[in-house]
Amino acid sequence: MKPYPSFSRPQRGMALITAILIAALVSSLAFALSARERLWLTLVGNRSDLSAAQSIALSAVDLARLTLRDDMRNNQVDHLLEAWTVPVPPINVEEGQAAGRLAEAQGKFNLYNLQSGGQVSQTGLATLQRLLASRNMPTEWSDKMAQAMLQQVTLWQKSLIQNNKTRQSISKVFPVANLSEMAELCGIEPKRLAELDSLITILPEATSINVNFAPPEVLMAATPGLSLKDAENLVGRRTTAYFKSSQEFINALPDKLRTTARSAGFTVESSYFFSEAEAWYGRAHLRLRALLYRQRGRMPEIVWVRRE
């Protein structure tokens, strides 16, 4: 019988190295699998936190809708002295936090007013030109924005007809929702147009200007012949005594403007509001911005809601 062959030292060395490499490979695989598992658990946890934060933020938007509904039941005048204008600081809700604020939307000039009846509105165009001039911005931007708005409204109305829908049967969703989109359509630098964020907005239908919220520049632009100083005096007056009607605002204008100002262009009761909600849950921090449409006798409607 032949003796069992023995390994030489080089062979024993190779076997040891191979065993070490296999052990290192197994250890690396185990570490990689463990890291992937931790990553997966983190992703699942983040998604769960984000979902919970979104639910909290949407609940805050619904609370804003209830607030606006109750406000309309109690009075027909919207002004800066009302309780709903005060922002809500972060408060504990469930296992997270929520904060929010309501902002009136008709105190700004609505770019939808740049068109009317399938053509450019000269009244709206002149208002925007005065508004741009008050900020030392090119007045020719008004023509670009008017043409862009007219084009978008025309396309939108054609789409409704093709889909056999009426203006009243669907949510008031409009293709251009913010100034960034308008800047893209007009070839204007978004940062420049964003400087007018406190003065102009885009709503899905023509609206009157709420004189209890409008900045001096907007009042001046919407009232031909009104100086910025007189507009500032009107704004200063409403901090203690808000306007109870559009006619009361007209009566407060300088004598030479009372007969020429159009009360139809002004209002003291708003239909559109922005709800800004912020929520924290676990590792998630979420901000939502929603446009709300309110009409008497009905729960305010969410026109659109977007993450910010």
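**Aromatic rings**

Modeller: Trp 84, Phe 213 and Phe 273 form one aromatic cluster. Rings of Phe, Tyr and Trp (its six-membered ring) pair if their centres lie within 6.5 Å; planes under 30 degrees apart count as stacked, over 60 as edge-to-face and the rest as tilted. The model is predicted: local features need pLDDT of at least 70, side-chain atom pairs count only at pLDDT 80 or more, and totals for chains, interfaces and linings use all residues. Residues are numbered from 1 along each chain as its sequence is written, and side-chain values use heavy atoms, with hydrogens and water left out.

Biologist: How many aromatic pairs does this rule give?

Modeller: A pair of aromatic rings is described by the distance of the centres and the angle of the planes. Here the count comes to 6 aromatic pairs. The rings of Tyr 272 and Tyr 293 have centres 5.0 Å apart and planes at 40°, so this pair is tilted. Tyr 272 belongs to strand S9 and Tyr 293 to strand S10, 21 residues apart, and the pair thus links distant parts of the chain. Helices (H or I, at least four residues) and strands (E, at least two) are DSSP runs, numbered from the N terminus.

Biologist: Are Tyr 272 and Tyr 293 buried or exposed?

Modeller: Buried means under 20% relative accessible area, exposed over 50%, and partly exposed in between (1.4 Å probe, protein chains only). Tyr 272 is buried at 0%, and Tyr 293 is buried at 12%. The rings of Phe 274 and Trp 304 are also a tilted pair, because their planes stand at 50°, with centres 6.2 Å apart. Phe 274 lies in strand S9 and Trp 304 in strand S11, so the pair ties together parts 30 residues apart in sequence. Phe 274 is buried at 6% relative accessibility, and Trp 304 is buried at 15%.

Biologist: Which charged residue lies over the face of Phe 274?

Modeller: A charge sits over a ring if NZ of Lys or CZ of Arg is within 6 Å of the ring centre and within 35 degrees of the ring normal. Arg 289 lies over the face of Phe 274, at 4.0 Å from the ring centre. The charged end of Arg 306 sits over the ring of Trp 304, 5.2 Å from its centre.

**Strands and helices**

Biologist: What is the order of the strands in the open sheet?

Modeller: Strands of a sheet pair through backbone hydrogen bonds, either parallel or antiparallel. Two strands pair if DSSP finds at least two bridges between them. The open sheet has 5 strands in the order S1-S2-S9-S10-S11, with antiparallel pairing. Its edge strands are S1 (88-93) and S11 (301-307), each pairing on one side only. Strand S9 (residues 272-281) and strand S10 (residues 284-293) are joined by 10 bridges; Ala 277 has Leu 288 in S10 as its bridge partner.

Biologist: At what angle do the axes of helices H3 and H4 cross?

Modeller: Two packed helices are described by the angle between their axes and the distance between the axes. Axes are lines fitted to C-alpha atoms, for helices over the stretch in contact, and angles run from 0 to 180 degrees between N-to-C directions. The axes of H3 (residues 141-162) and H4 (residues 179-186) come within 9 Å and cross at roughly 105°. H3 is therefore roughly perpendicular to H4; angles under 35 degrees count as roughly parallel, over 145 as roughly antiparallel, 65 to 115 as roughly perpendicular and the rest as oblique.
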